[in-house]
Amino acid sequence: AWRAAFRHMHRVITISRLLLKKRDGFSLEESHIFSNAIGHCISCCNDAGQPRVGLVLADHILTMAASPKDNPVSLGSSFLSFFGLHQTIPQEHEDHALSSSLMVHSDVLLSSTMRAYRMLNRHTEAIDLFFDSVEEASKEESAAAGSSQFVQSWNLAIALLFQVGRSEEANNLYHALEDELKTPETYIETGKGLSSVQDWKGVEEVYSKAVLAHCVSEELALLTMKATTEQEADGKIPTLRAIVDEAAKIDGSSSMGWIKARYWNLKRILGWRYARLLMWWNDPNTASEDEFLLAIEHLESAKRSGVVPKNDDLRCIVRYASFHMRTQDDSSSEGNHMLRSNGDDEFAVSRSQVVELVLEAVFEANRTTLGMQPSFIDSAASGLRALQAKRECIQFVQEALSRGARVNKRALIEARNASEDVGDDDAMQEMSAAIADATTPRPS
């Protein structure tokens, strides 16, 4: 993003220097192109995380344009005359605020400037700039309706109004925008804002409008599903399935395929009950096995595609081994297998297969930061020992320590007990020392 910003800065400065030498005035088309170019430059700086750089550059170019030149029809006079500015930009304006008059003919420039202000926590200034620009546009005899000029900026203004707590104004601004001008982003920003104030009925109304306008997005669908579960109403599952059917059309997948691919996100947003019911896992007593099978399916799919598996799938595998196998060891005579029967659906997996899955999950986790997370290390160590893979448990914890990971006392105790079980005195001493070190208070 920063390289793109640099390229835009170089081009804008080069063009501005060339235009300064013009003697035949500043045309309407050139004004549009130049203001859009400045807007794109600010936008690239925003993407690079440097919003102030973009504003400083724009201020520099406009100050240069406003400087007195020998040429009476230079860029300065033409540009400022076109945008309705007939005085120089104040040199003492340290905030690099861009005048609303400059925004009249460029939604790109206005929206990118507003976004820069937002990133600098200057939300009120961004909102004021938007309303001033719309008012300025309404005064232009040749200007079209303000809403049609500033759709990107309009969407951003809705988001900003919700963000500063002016939800009623934001909702009014949403309704003021003509339906044919609304974009998927309009519905998303409004839905997010209404969700933030827990106006769940409002979220559903926005979604219904988006469906009619063929502007449904996955983000809006998920917001609406959340709104459905938060309200007291009958028939929630059929309603959720209808939303899934609509969202699945976006990428051309089946409804069940859409749910499977987003199961973990649905679980976070909707909760475990609604997520499992959408998967047709009606029995809560066997849902943990169903999740385990889904995680294995996702892991195999990721391997075939050559991509890193999702952290949620890896966590599920080690967590299932940790909790389910330990419970089974204590209460089941079927020590070598995990079994589940659900009508015609039977599932059996050997202990050695689960050990291989846990080790594979550990390998994949070590390719990301997940392998350094104490909670993951805890579950993996506990799961391996519960699976009677005691030497694997010891080696896993030793390797985690050698990588400099923060290993909790729970995982260290699992490795120490595994060392004691197999009679590895050296490993037991190493783990005992690590436990003592972990329990020693650190100086503040």
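Predicted model: local features only at pLDDT ≥ 70, side-chain atom pairs only at ≥ 80, totals over all residues.
We may start with the interior. In soluble globular proteins, nonpolar side chains tend to be buried together. In this model, the largest nonpolar core holds 107 residues. The members that touch the most others in this core are Met114, Phe130, Met225, Trp258 and Val358. For Val358, the partners beyond four places in sequence are Ile317, Val318 and Ala321, together with Leu384 and Leu387.

Once neighbours within four places in sequence are set aside, Thr224 is in contact with Val203, Glu204, Tyr207 and Ile243.

H10 covers residues 184-196, and its axis comes within 9 Å of that of H12, with a crossing angle of roughly 25 degrees. Angles under 35 degrees count as roughly parallel, and the two helices are therefore described as roughly parallel to each other. Their crossing is left-handed. On the H10 side, the contact is made by Tyr187, Ile188, Gly191, Lys192 and Ser195, while H12 contributes Glu219, Leu220 and Leu223. Sorted by class, the residues of this contact are four nonpolar, two polar and two charged.

Key: Residues numbered from 1 in each chain as written. Heavy atoms only, no water. Core = buried A, V, L, I, M, F, W, Y, C linked by side-chain atoms within 4.5 Å. Buried < 20%, exposed > 50% of the residue type's maximum accessible area, 1.4 Å probe, protein only. Contact = heavy atoms within 4.5 Å. Axes fitted to C-alpha atoms, helices over the stretch in contact; angles between N-to-C directions. Helix = DSSP H or I, 4+ residues; strand = E, 2+ residues; numbered from the N terminus. Parallel < 35°, antiparallel > 145°, perpendicular 65-115°, else oblique. Left-handed = near helix turned anticlockwise from the far one by under 90°. Nonpolar A, V, L, I, M, F, W, Y, C, P; charged D, E, K, R; others polar.
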